[in-house]
Amino acid sequence: MGDNLLTLGCHLRADKDTGSLVEVIEAIALAGKAIAHRVRRARIDDVIGEVGAVNVQGEAQQKLDVISDRLLLECLRACSAVAVYASEEQDGAIVLRTRAAGAEYCVLADPLDGSSNIDVAVSVGTIFSVQRHDRPDGEIERSAVQPGRSQVAAGYILYGSSVVLVLSLGRGVAMYVLDPLLGDFVLVKDGIRVPPAGKTYSINEAYVNGFEPGLKAYLDWAHAAGYGARYIGSMVADVHRTLLKGGVFLYPGTAKAPEGKLRLLYEGSPMAFVIEQATGAASTGRAPLLDVVPTKLHQRTPVVLGSAGEVEHVLRHLR
Ligand code: FDP
């Protein structure tokens with residue numbers, strides 16, 4: 001049995017082109033360790049339940065949503081390369097420092113995705129996206145509102161039976177696991193590829209009456225073709241399974257919510273970036289998800305992602 005001792009920092013620094021992006025990823029990883037600690041103690045400390053407030057999208061904030069957001073903000077504030085932080089839990093982008101001060105990056109995050117599952121100890125995760133901060137300092141927020149295609153890094157941290165960090169810097173996808181004894185993320189796999197096919201779909205099928213006819217036709221086709229269903233209801237866990245085992249994850253629009261539920265910049269774009277970098281595919285159902293030009297920070301998008309062959313089965317039914 002070989003020991004995995006290549007840490008996240010050493011692995012990233014081995015690539016000379018990565019520059020100060022390493023510090024940004026390390027700041028996110030540090031926040032991930034702090035969040036993992038809070039998630040592990042969720043029933044011991046008083047962190048379960050709602051804060052009693054709603055976020056900018058009208059959703060009830062869980063205590064751990066707020067704690068995770070604060071931890072991320074603190075870690076990024078301490079990182080001199082970060083100019084802007086935008087999160088699902090904040091009304092607007094937060095300016096940490098200017099480009100004139102040498103800050104090159106903008107970080108967007110869903111600090112604790114799937115947090116409604118916390119009280120039943122189901123896996124949750126942090127999703128992050130890094131864009132280059134290349135606008136004049138007067139338009140600092142616009143660095144956050146960019147198409148997914150221009151991300152310089154994206155990934156997620158899954159707080160499951162182990163703590164897993166999946167990362168892409170646009171040159172493939174690597175997976176690290178938090179070694180609790182060393183207190184560090186160590187590389188467990190590089191060059192991850194989504195299996196090209198996999199007969200599993202992951203969707204909240206209870207909304208079927210609100211789906212468009214093409215999607216209903218896809219589900220009928222998948223049933224007849226002997227597909228299995230897996231839906232945890234926690235995006236990071238569902239996407240992680242799809243990345244490693246293949247299949248397709250869908251959160252479509254419905255008659256009531258045509259743009260679906262997931263946020264383009266905090267969930268759709270970073271997950272699409274990881275999946276495409278792992279040779280999978282990601283779409284809104286109409287267009288490649290990474291090509292969507294966002295108009296606002298908290299924009300929502302329908303999501304179809306996973307094995308290239310499985311995404312194509314969905315798209316041909318939608319066309
Ligand atoms: P949550 O509301 O618990 O934060 O991002 C929202 C999300 O979780 C995703 O993690 C998950 O995939 C989705 O909502 C589940 O929504 P449904 O309950 O509508 O299926």
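1. A polar contact is a pair of N or O atoms within 3.5 Å; within protein, one must be able to donate a hydrogen and the other to accept it, and residues adjacent in sequence count only if both atoms are side-chain atoms. On that basis, an oxygen atom of the ligand lies 2.8 Å from a polar backbone atom of M235.

2. The structure is a predicted model, in which local features need pLDDT of at least 70 and side-chain atom pairs count only at pLDDT 80 or more, while totals for chains, interfaces and linings use all residues. Residues are numbered from 1 along each chain as its sequence is written, and side-chain values use heavy atoms, with hydrogens and water left out.

3. An N or O atom in the side chain of S116 is 2.5 Å from a ligand oxygen atom, and for the side chain of K261 the corresponding distance to a ligand oxygen atom is 2.8 Å. The ligand taken alone exposes 470 Å², of which the protein buries 85% (accessible areas by the Shrake-Rupley method with a 1.4 Å probe).

4. The shell around the ligand holds 15 residues, with S116, Y207, Y231, Y251 and E267 the closest; a residue counts as near if one of its heavy atoms lies within 4 Å. By class, the shell comprises five nonpolar, six polar and four charged residues. In this scheme Ala, Val, Leu, Ile, Met, Phe, Trp, Tyr, Cys and Pro count as nonpolar, Asp, Glu, Lys and Arg as charged, and the others, Gly among them, as polar.

5. Strands here are DSSP runs (E, at least two residues) numbered from the N terminus, and two strands pair if DSSP finds at least two bridges between them.

6. Within this sheet, β7 (residues 153–159) and β8 (residues 163–168) are antiparallel and share six bridges; Y159 has V163 in β8 as its bridge partner. Strand β8 is joined to β9 (residues 174–179) by four bridges, again antiparallel, and L165 stands opposite Y176 in β9. Five residues separate β8 and β9 in their hairpin, where G170 in the turn has a positive phi of about 85°.

7. The pairing of β9 with β10 is antiparallel over six bridges, and D179 faces D184 in β10. Their hairpin has four residues between the strands, and G183 takes a positive phi near 70°.

8. Another open sheet, also of mixed pairing, contains five strands in the order β12-β11-β13-β15-β14. The edge strands β12 (228–229) and β14 (281–283) have a single partner strand each, so one side of each is left without a neighbour in the sheet. Strand β11 (residues 200–202) runs parallel to β12, joined by two bridges, and Y201 stands opposite A229 in β12.
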